[in-house]
Amino acid sequence: MGKVTGFLEIDRREAKYQPASDRIRHFREFTLPLPDAEVANQASRCMDCGVPFCHGPNGCPVHNQIPDWNDLVYNGNWEEAARNLHSTNNFPEFTGRICPAPCEEACTLNLEDVPVAIKTVEQAIADRAWKAGWVKPEPAAHKTGRKVAVVGSGPAGMAAAQQLARAGHEVHVYEREPKAGGLLRYGIPDFKMEKHYIDRRVTQMEGEGVTFHYGVNVGVTTPLDELLEGHDAVLMCGGSEAPRDPALPGQELLGVHYAMPYLVQQNRRVGHEDVSRDEPILAAGKHVVVIGGGDTASDCVGTAFRQGALSVHQLDIRPVPPLKEDKLAVWPYWPTKFRTSSSQAEGAEREFAAATLGIEGKKGHVTSVKCARVDAKRQPIPGTEFLIKADLVFIALGFIHPLREGMLEQEGLALDKRGNVGATDLDYATSVPKLFAAGDMRRGQSLVVWAIREGRQAAQSIDTFLMGSSVLPR
């Protein structure tokens, strides 16, 4: 805990943003960090709550020891706070930027709507650790002689690879794209997290003995059985990439796209990768409609504004949520309540309880989206139809399971009822000997912090499988 009476004396304060009129002019991060002294004040608000739900099963998936490092920051021991934070989270500078902070919803002070600014403190610790030079490669003192392949370099794959390398194994990461990061790099816009944070982690991991192989599409350019033959264990962390298809009338019109190709193309553009072979998807001077109410839809909104969209409408089939949740009914769980993302705050027009009936167009190009209000069962209400002008439409309804083509087909893997790779979170082992799976490929579409947890736990299971026991944490 921090200061005994800190939560009574100090008001909650978070990092602020650049004004929307300024931040939509660039793709850089726009958060204005708090001074270290104010971060220490915020850490001091962590109270002696008895049972810290923030790092329990309802709070932080990686079980960050939040009261411990809050107390360390309050007392000025930032270096020990960084060591503590890294003991549970391989990449706190990632989660400090893009995690929705279920820990804050589970904070005891959230019963009064003033939770500790945990996410702000976490990012401050991680950034200070890098700036001070405390984050360095940690190569294993002894090598095991065992060789492990990790397929995919998203947060699950990176976390697993780092843990396995530190356990002394020879680790090879096989990545389809030209650079590491998975959806951290290609799905999340730079205005939420700049990609040099990934690059320096890759450099650290290479210093720990991890070898990255880029442009290797396992199951397409390289058979999965080739990896199984050449390694003592293989961990699949390929993500969940098959988009949910609404099968809308008019979906084939020009100007209608799934969200991910749009976000990936812009991230490649910002990262100075070659996109000349792709048909440009640009919102400049266009009326944009985004179908979906989640984070990916919000990322499309923010990207469209930065490209110069004339207007952006976001359609959400869910009713308008309450402004405030019933604390006694839902705390410490993640509540359904009205939230406005930084991208939505940049000028999006949001339509709730709105079903998309179809997409209309002329001469093969989209001109409008046909919608209707829905009832409590999310069924369209006759007579409530309306049109929204659209030159560009993005479908952002989430992902249903991993891509089947490629490595999942080659080995005849058992899948669960949702179409994900069948494996439990006890050992992460699949139906194929010495083949493991973690992250979104196993649990389905989820948060970066859950992917990090899965990667860490899968690494511990693989280490146990190879060595008979493990000192890696779960």
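This is a predicted model: local features need pLDDT of at least 70, side-chain atom pairs count only at pLDDT 80 or more; totals for chains, interfaces and linings use all residues.
Strand β3 (residues 147-151) and strand β4 (residues 170-175) pair in the parallel sense, and five bridges link them. Within the pair, V151 stands opposite Y174 of β4. The path from β3 to β4 involves a helix: β3, helix α9 (residues 155-166) and β4 together make a right-handed β-α-β unit.

How much of β3 is buried? Four of its five residues are buried, and the strand is thus mostly covered. In a regular strand, side chains alternate between the two faces of the sheet.

Attention now turns to a loop residue. T222 is placed in the loop between β5 (211-214) and α12 (224-230). Is T222 buried or exposed? T222 counts as buried because its relative accessibility is 14%, and the limit for that class is under 20%. Leaving aside residues up to four places away in sequence, T222 touches V216, N217 and L227.

Most residues other than glycine have a negative phi. A247, however, has a positive phi, near 50°, and is not a glycine. A247 lies in the loop between β7 (242-243) and β8 (256-258). With a relative accessible area of 59%, A247 is exposed, since that term applies to values over 50%.

K363 is likewise a residue other than glycine with a positive phi, in this case about 55°. Where is K363 found? K363 is in the loop between β12 (354-362) and β13 (365-373). K363 is exposed, because its relative accessible area is 91%.

The final feature concerns a peptide bond. Most peptide bonds are trans. The bond that joins W331 and P332, by contrast, is cis, with an omega of about 10°. P332 is found in the loop between α15 (327-330) and β11 (349-351).

Technical notes
Residues are numbered from 1 along each chain as its sequence is written. Side-chain values use heavy atoms; hydrogens and water are left out. Buried means under 20% relative accessible area, exposed over 50%, partly exposed in between (1.4 Å probe, protein chains only). Helices (H or I, at least four residues) and strands (E, at least two) are DSSP runs, numbered from the N terminus. Two strands pair if DSSP finds at least two bridges between them. A crossover is right-handed if, with the strands pointing away from the viewer, the path from the first strand over the helix to the second runs clockwise. Contact means heavy atoms within 4.5 Å.
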